[in-house]
Amino acid sequence: MTLTHPSQKRAVALAVAACALLLLPFWAADQYQLHLAALIAVYWVLIAGLNLVVGYTGQLSIGHVGLLSIGSYAFCILVGKWGLDAYTSTAVAGMLGGLCGLALGLPSLRLPGFYFAMATMAFALIVNEIILAQVDLTGGGIGLMGPLYPEPFDSPVGFYYLALLVSAFVTLLTWNLARSMWGRGLMAVRDNPVTAQSVGVPVFRAKLVVFVFSGVTAGVSGALFASLQSYITPETFVFDLSMFFFVCIIIGGRGSILGPLLGTVVLTALPEMVASLAKLGNFFYGLLLLLVVLLIPEGIGRMLEKVYEKFRPRKQQSVAITPELGRLESAIVAATAVAGHPDARNPGAALRAIDISKQFGGLVALDDVSITLTPGRVHGLIGPNGSGKTTMLNMLCGYYQPTKGTVNFRHKDIGNAPVQERARMGIARTFQKPRLVPDLTVLENVMLGAWQHSRAGFVDAAFGLPSVRAEDMRIRERATELLCGVGLGAVMHWRANLLDHAQQRFLEIARGLALGPQYILLDEPAGGLTGVEIDQLGTVIRTIRKAGVGVLLVEHHTDFVFRVCDDVTALNVGRMIRHGSPAEVRHDPEVIRVYLGA
Ligand code: ADP
Ligand code: MG
């Protein structure tokens, strides 16, 4: 039998690994090796959760040892002092870890990276001080006994199996999450928060939910850790341990589960097995980190992937864009139907900027400008560089608040609605400089656009419920149709960072359309495109219009604008100089003088 499908190969690899792990106690040379294997499993319970925070969401928490020690002490106190049973106590330790994660994350996750890292470090130090001070409860510097789990988990072999079971379960949860809408949203938060917002990902809430989840796994890991160590003191939870967790993930690589898992195994086992390395202590970790950052900055996980890809037949490198317009139109209609905007094609659904002014300090970027978009029409916005075109676009989709004036959608003032909310209302956009999530595939980037069509909660996604998978399949199918529609079907499974500039522009349009929008705002989509590609862009925009979506086209290629637009507004240094049909604007003396030239 030959295994051709990657999922078959993965299943076999998984089965082999599972057998090896299950049989480990039979060939472990001594108790100590078994202890080490259990320790790796216990650490991994924490690191698997932390990996979602650090590797997927890009939040540099270096204080997880604080959450670990909270879990450990909770377990020892509940079982040892209050006589609660070990399983309930483990669950309580997890909940407590989650609550502390919430209490720490709420104020600190809004801070920029460096300050967030400092906040988590401070948290770990404070927890340790509190434990030291609460002598009656925690035994202060003397510490507490770590109780055993009941039969059959009270022996070293039994405990190993328990730890293995819990770590396999946590791995499964994070695996499901990483493959779900959440995984894609989290990577967007990490690489491009502005993009994440533009498709409706609630950036702060996503960070918080993941952080709380990592608090729960840290708490559970703490309970297991206390039992394994059989005695804990505040010195068990030194800050080095926190750095160790962090380093395991960095060495393993961002956005991977296997990488950090290997990182954990190697970094835990090596210094214990090779005595000379243990003597080097932190020096060894530091050296390894340095080597990895210098030699394989993407980590072990991605390096293995690259080796694997070497053995696959190479795809042809440059692939032309070939839009399929019929397919595109039905895909847009399908996406808008799912988004459920009731009054598409209804002129009452106008999106209007009314008497907008915007000042940046002393600079007036927009001065009393109004424009009205209607479904199924293409509205061009032209003007010299710096005339306020992008600023107007940002005003319509909520990145900037107007200094004066309002934004009106379906006769309602939406001036205060944040970006995500406007994405939900059906306002999509692209960026002047394409903003993709480089680590996701082309298809996944488009699926990200459909974030709001996913009803899957975090817990549902973690458990990989069939309804969640079915929904993800439907989103995948619609995204595939859109991608083929705009002409990127051939590069669908490429990593997005392999795309050339034109392909990136078309991908952004597909991502915007995946929202099922009523309006799509395009910021210089023809910038950097060849003549042929601009023509293709024209056909794509006409198809979008035909499907009933309203388009704002900010563009410098005026010929192109006059060809595809129904209405045009010309700006100059923040002021509107002419509004009308393409013919009217094109022949306006003022527009010719300041922009088009004779
Ligand atoms: P355009 O897209 O027409 O080239 P923009 O809307 O990007 O022009 O910019 C209009 C003016 O506003 C420019 O002078 C620009 O420097 C200024 N501007 C835009 N965004 C900001 C900002 N966030 N802070 C300060 N000035 C800005
Ligand atoms: Mg601009």
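His411 counts as exposed, at 66% relative accessibility. Here exposed means over 50% relative accessible area, buried under 20%, and partly exposed in between (1.4 Å probe, protein chains only). This is a predicted model, in which local features need pLDDT of at least 70, side-chain atom pairs count only at pLDDT 80 or more, and totals for chains, interfaces and linings use all residues. Residues are numbered from 1 along each chain as its sequence is written, chains are lettered from A and ligands numbered from 1 in the order in which they are written, and side-chain values use heavy atoms, with hydrogens and water left out.

Back to His411. Its phi is positive, about 65°, although His411 is not a glycine. The residue sits in the loop between β6 (404-409) and β7 (412-413). Strands (E, at least two residues) and helices (H or I, at least four) are DSSP runs, numbered from the N terminus.

Val573 also has a positive phi, about 30°, and is not a glycine. Its loop runs between β11 (567-572) and β12 (575-580). Val573 is exposed, with a relative accessible area of 61%.

Another backbone feature is the cis peptide bond from Glu151 to Pro152, with omega near 0°. Pro152 lies in the loop between β1 (144-145) and α7 (156-179).

Now the metal. Thr390 (OG1) and Gln432 (OE1) coordinate the magnesium ion, ligand 2, at 2.0 to 2.3 Å. Donors are N, O and S atoms within 2.8 Å of the metal (3.2 Å for Na, K and Ca); water is not among the atoms, so sites may look incomplete. The pair links distant parts of the chain, 42 residues apart. Thr390 belongs to helix α17 (residues 389-396), Gln432 to the loop between β8 (427-429) and α19 (442-449). Thr390 is partly exposed at 24% relative accessible area. Gln432 is partly exposed too, at 36%.

Thr390 also meets ligand 1. A polar side-chain atom of Thr390 lies 2.8 Å from a ligand 1 oxygen. For Thr391, a side-chain N or O atom is 2.5 Å from an oxygen of ligand 1. Gly386 uses a backbone N or O atom, 2.8 Å from a ligand 1 oxygen. Taken alone, ligand 1 exposes 560 Å², and the protein buries 64% of that.

The residues around ligand 1 (a heavy atom within 4 Å) include Phe360, Pro384, Lys389 and Tyr400. Helix α17 gives the largest share of this shell, three residues. By class, the shell has five nonpolar, six polar and one charged residues. Ala, Val, Leu, Ile, Met, Phe, Trp, Tyr, Cys and Pro count as nonpolar, Asp, Glu, Lys and Arg as charged, and the others, Gly among them, as polar.

Technical notes: Polar contact = N/O pair within 3.5 Å; in protein donor to acceptor, adjacent residues only side chain to side chain. Areas by Shrake-Rupley, 256 points an atom, 1.4 Å probe, with all protein chains shown as cover.
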